[in-house]
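Dear colleague,

After it come my notes on what was found.

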Amino acid sequence: MRVLLCIAHYFPVSGERHAIEGSSQDGLEKRKEIVVSCIRQWSSLLAEHEFLLGSEGDLSEGVNNVVVKRPAEIHGDVFLCTNQDNHVFHGERVVNFKSAQERLGHARHLPYLCRRVFMEYRDRYDLFVYAEDDTVALDPEFFRKILDFYAEFGDRYLLLPNRYELFSGRSFKVYLENDSPEGYRVASPEPGPDRLTTRRGAELARTDSPYVGFYAVTRAQLRDWSAMPAFRVPTTDFNANDLEQAMVPMLGRRPIYRPSRRNMAHLEVHHVPNRACHARVPRTRLIASIEGRDA
């Protein structure tokens with residue numbers, strides 16, 4: 001099974017920075033560290049081979065002279081989609097990825113460049129994945145779980161992971177996706193149960209709060225989505241801004257599921273900057289909760 005992952009990457013190298021844009025709040029070196037680490041991790045999950053390292057002799061000698069190469073059943077390619085020169089990779093090749101560049105247009109439309117890449121290579125891959133540049137999965141079974149979902153339930157439903165951050169020095173997990181505000185919810189008109197249970201026993205809950213900075217669609221879903229007017233440009237019939245719209249697969253036309261609160265870690269991605277949970281209000285309330293007192 002082949003996976004095409006497109007990452008929308010933006011870092012303003014000059015001009016005004018906006019506090020509302022997460023990519024603008026970090027310095028160049030910090031942002032580069034985050035983006036590079038995410039791309040490397042994604043690349044490792046999609047590598048064509050994995051290797052076993054061992055030794056034929058005495059382990060005390062510390063010589064690993066045996067290398068066994070094994071093919072990966074699930075593998076693919078990583079594309080980095082950028083806007084003009086607004087990125088962190090100037091004059092260097094830090095990690096292995098392919099690239100597509102938008103010379104014109106607004107940076108908020110980079111996710112639509114990702115979709116154009118999907119369409120260009122639609123016959124070469126089985127799964128088409130979008131991720132923001134600071135969001136990554138650590139689970140080696142991540143793509144297997146997604147592909148298993150579509151093999152089990154078909155293309156009539158969509159699957160999203162939960163998104164989390166790590167809070168403070170003890171690294172408590174903080175899941176970000178509670179219910180979205182009323183005006184930002186995306187309710188599919190299509191029928192579907194409130195809960196699904198996979199063959200592995202994972203419970204998935206239907207959601208109308210789909211903003212996780214990530215989606216994965218099958219080739220058949222991509223074909224149907226590409227026929228919708230809002231596939232190539234944002235729609236004005238949606239309360240969310242262009243970037244928020246871009247997170248929603250098929251603009252919510254099909255029922256969307258993600259792991260329920262009973263097993264939130266079944267499928268998850270890490271928002272690496274951990275910025276949301278360290279803002280003043282949630283930080284105060286999280287500390288109070290950890291210490292067992294009222295905020």
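On the surface, Phe51, Leu53 and Val67 make up a nonpolar patch whose accessible area comes to about 350 Å² together. Patches are built from residues with over 30% relative accessible area and no salt bridge, nonpolar side chains (Val, Leu, Ile, Met, Phe, Trp, Tyr) being joined within 5 Å and like charges within 9 Å. The accessible areas come from the Shrake-Rupley method with a 1.4 Å probe, and for residues only the protein chains shown count as cover. Leu53 belongs to strand β2, and with a relative accessibility of 60% Leu53 counts as exposed. Here exposed means over 50% relative accessible area, buried under 20%, and partly exposed in between, with a 1.4 Å probe and protein chains only. Helices (H or I, at least four residues) and strands (E, at least two) are DSSP runs numbered from the N terminus.

Please bear in mind that this is a predicted model, in which local features need pLDDT of at least 70 and side-chain atom pairs count only at pLDDT 80 or more, while totals for chains, interfaces and linings use all residues. Residues are numbered from 1 along each chain as its sequence is written, and side-chain values use heavy atoms, with hydrogens and water left out.

**Salt bridges**

Side chains of opposite charge can pair when their charged atoms come close. A search of the whole structure gives 16 salt bridges, a salt bridge being a side-chain nitrogen of Lys or Arg within 4 Å of a carboxyl oxygen of Asp or Glu. One of them joins Arg70 to Glu50, with 2.5 Å between the closest N and O atoms. Arg70 sits in strand β3 (residues 66-71) and Glu50 in strand β2 (residues 49-54), so this pair ties together parts that are 20 residues apart in sequence. Both ends are partly exposed, Arg70 at 39% relative accessibility and Glu50 at 40%.

Glu73 forms a salt bridge with Arg144, where the closest N and O atoms are 3.0 Å apart. This pair links distant parts of the chain, since Glu73 is in the loop between β3 and β4 (75-83) and Arg144 in helix α3 (residues 142-153), 71 residues apart. Glu73 itself is exposed, its relative accessible area being 58%.

In a further salt bridge, Arg200 meets Asp148 with the closest N and O atoms 3.4 Å apart. Arg200 lies in the loop between β11 (195-197) and β12 (203-207), and Asp148 in helix α3, so parts that are 52 residues apart in sequence are tied together by the pair. Asp148 is partly exposed, at a relative accessible area of 26%. A network of salt bridges links Glu73, Glu141, Arg144, Asp148 and Arg200.

**Core and aromatic rings**

In soluble globular proteins, nonpolar side chains tend to be buried together. The largest nonpolar core has 71 residues, of which Trp42, Leu127, Phe142, Phe143, Ile146 and Phe214 touch the most other members. Such a core is a set of buried Ala, Val, Leu, Ile, Met, Phe, Trp, Tyr and Cys residues joined through side-chain atoms within 4.5 Å. Setting aside neighbours within four places in sequence, Phe143 is in contact (heavy atoms within 4.5 Å) with Val3, Trp42, Leu45, Leu46, Ile74, Leu127 and Val129.

Ring pairs also join Trp42, Phe142, Phe143 and Phe214 into a cluster. There are 15 aromatic pairs in the structure, where rings of Phe, Tyr and Trp (its six-membered ring) pair if their centres lie within 6.5 Å, planes under 30 degrees apart counting as stacked, over 60 as edge-to-face and the rest as tilted. Among them, Phe118 and Phe128 are edge-to-face, at 5.7 Å centre to centre and 70° between the planes. Phe118 is in helix α2 and Phe128 in strand β6, 10 residues apart, and both Phe118 and Phe128 are buried.

**Two backbone details**

Met250 has a phi near 55°, a positive value in a residue other than glycine. Met250 is in the loop between α5 (242-246) and β14 (256-259), and counts as buried at 0% relative accessibility. Asn274, also not a glycine, has a positive phi of about 55°; Asn274 is in the loop between β15 (268-271) and α6 (280-290), and is buried with a relative accessible area of 15%.

With kind regards
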